[in-house]
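Subject: Structure handover

Hello,

Here is the structure I said I would pass on. Please look through it first; my notes on what was found follow below.

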Amino acid sequence: MKNLRKYILIVVCGVLATSSTFMTVETATSGVEVSNLQKEETQLSDEKRYLQDLLVKTMSLSQLQERSSGLGYVKPVTLIYVAPPEAVAKLP
Amino acid sequence: MLRRPKLWLSFLEMSVKIYLLSALFLLLFGVLTIKLFYWQVIKGADLSDEARSQYTSSQVTSAPRGNILASDGSFWVVRTQNWLIWADPKEVGNNSISVAQKLATFFVDDPNNKQSLFPETERLQNLLSKSGVSWVPIKQKVDDGVKRNIEALKIPGIGFDSEEASYYPEASSGAQLLGFVGKNETGADVGYFGIEGYYDLPLSGKPGFVGGQKDALGSPILLGGTTQVSAIAGVDLQTNIDKRIQGVVEDELSKGIEKYGASGGSVTVMDPVSGKVMAMASSPSFDPAKYSEYSDSLFKNPVISDSFEPGSIFKVLIMAAGLDAGVVTPDTLCDICSGPLKVDKYLIRTWNDVYHPGISMTDVIVDSDNVGISFVGQKLGAGKLYDYLNKFGIGTKTGIDLQGESAPKLRDKGTWNVVDLATASFGQGIAVTGMEMVRAVAAIANGGYLITPRVVDSIRGDGWEEKVKSDPPVRIISQQSAQEMTQMMVEAADRGEAKWARIPGFKVAGKTGTAQIPVAGHYDPANTNHSFIGFAPPDNPKFVMLVTLKSPQSSPWAAETAAPLWYSIAKDLFPYLGIQSSQ
């Protein structure tokens, strides 16, 4: 009985010591992982910003106008309004 | 016996040694205690701080400034990231010439242009050859594309620091409306003028903070815990400014200024019912991305900051007041219009010195008759005229959401003499801003309500949107008076001096104004300011527009300058706003 208690105490101490070591190692490596993830996040947000800037530049109205005139589109000079035909009574 | 003295001596020797050693240990202990006291107590706090600074890190996270959007949701101003390129001359070493040659090609507009490339190379070389420094900024505001290209060269000793920047997809379009982002005395970003200035606080957001412990390699120590206060990003502003209308207005204004030889000009387009400002442009202007290269005088928006004598466009307000007060009707005949009107020691004449005895009030507006409108002014009297001008918002700020608005004050009530009354009736001796005129005429267009002009429609945060509140419209004249005045303005556009400029099939309510320019106590004999204000369609107006030109040289009359410019812009607005021709 006395021996069993001793063994249990040794096992518990062993588990605690192992888990403490494991936790220390784990947190240390997690710190590196967090650091890597932060770098990746910065890279991705830089990439996102770059693509967004590119999109904004492409959607610029002044650039579209330049492009359209280069493609041969011209602003209409005269507008013709087409009126719907008025209803006319049928001849008897 | 012989041994005794020897023993005694050795004992004595031993005791001395022990005492000496004890004394030495005591001395060392004392020194150690003093030293420990010094490090622990006297220097303890400093050392503790020094140690903490090695393993703790704290960083202020900047709040990104909000974007400014056009009415269709596209970007007017987008916040982006630029780069400050720096160099460590020690690391660049003897390669400064080749590095300068490589970098210079990225920093000039045309790398083949030797005239710009050589000075840039020389500038860079001077910076890269600096001795005794390890950080030299070599180029600011470098965009992502250029940064990537330089990065790809992997030049040792060249580094990049990010900095927030504003990108303007439409270049200098709407510059005076938007304002710009500059720095304050502490180096922080601050919005100046226009929307940037007015909405600086919501656009700026609130910076955050991240604190924690880090190991020697800079990785976070999770057991140490972290403190984090998230940055609150600035809100986005959805404006009422329509990019297409703004583009048309700026193009036509620029052409008009050149065509009529004016020194400058402005155009404002507003929805007279809601008060939404659809476009506002002035020339000369500036490029907000390079604001530091322009004179400060170009930053203020002339439409809201500069006052001018309005001239004949002011007659519509006096006539509307006369109609509303019941002192005249459209058919009232002027009984003092057969010749120049003598007021005190002055003679009031018509613009062409042609007089119309018994002219109707409608024709007073059509012919822009100074004597006829003085007749209305006299009928109103100085007190009522003052009250109506007050109602129309003349002399008070319109409350537009742009920084830099001013409003020249009206002469105090009760101090107006007969000459003031007569000249103010046709817009002389009184000063207004363009925005005041637009708002006042909008009240005629919308049936009698004074509205508050609005540039920003709503503010948008992360997952929420809120409309910008404005003061409710206030009725200032009756609907009937507004309708009668509108009809008079339609007649003026159809039969007045500017009738040649009108577009067949489209009804417009409008009025020209040619005003003398006060210079040092007298009027400039050579120059005049021209304006045209109008709205369309008269019965259900979609826009009210004011065009002003400063000192046009091609003609002395607004009917030949501002009016055709107004119609050339309106010609594009009609189909865009769905206004149909009656023909």
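Chain A has two helices and zero strands, where helices (H or I, at least four residues) and strands (E, at least two) are DSSP runs numbered from the N terminus. Of the 92 residues in chain A, 2% are buried. A residue is called buried if 20 or more other C-beta atoms lie within 10 Å of its own, exposed if 12 or fewer, and partly exposed in between, with C-beta atoms placed from the backbone.

This is a predicted model, in which local features need pLDDT of at least 70 and side-chain atom pairs count only at pLDDT 80 or more, while totals for chains, interfaces and linings use all residues. Residues are numbered from 1 along each chain as its sequence is written, and chains are lettered from A and ligands numbered from 1 in the order in which they are written.

The two chains touch: 17 residues of chain A are in contact (C-beta atoms, placed from the backbone, within 7 Å) with 23 residues of chain B. On the chain A side, α1 (2-59) and α2 (61-70) each supply at least two residues, and α1(A) gives the most, with 12 residues. By class, that side has eight nonpolar, six polar and three charged residues. Here Ala, Val, Leu, Ile, Met, Phe, Trp, Tyr, Cys and Pro count as nonpolar, Asp, Glu, Lys and Arg as charged, and the others, Gly among them, as polar.

In chain B, strands β11 (residues 264-270) and β12 run antiparallel and are joined by six bridges; strands pair if DSSP finds at least two bridges between them. They form a hairpin with six residues between them, and Gly275(B) in the turn has a positive phi of about 85°. Met270(B) is opposite Val277(B) of β12(B). Seven of the seven residues of β12(B) (residues 277-283) are buried, so this strand is largely enclosed by the rest of the structure.

Lastly, Glu560(B) lies in the loop between β23 (543-550) and α18 (562-576) of chain B. Glu560(B) has 19 C-beta neighbours inside 10 Å, so it counts as partly exposed.

Regards
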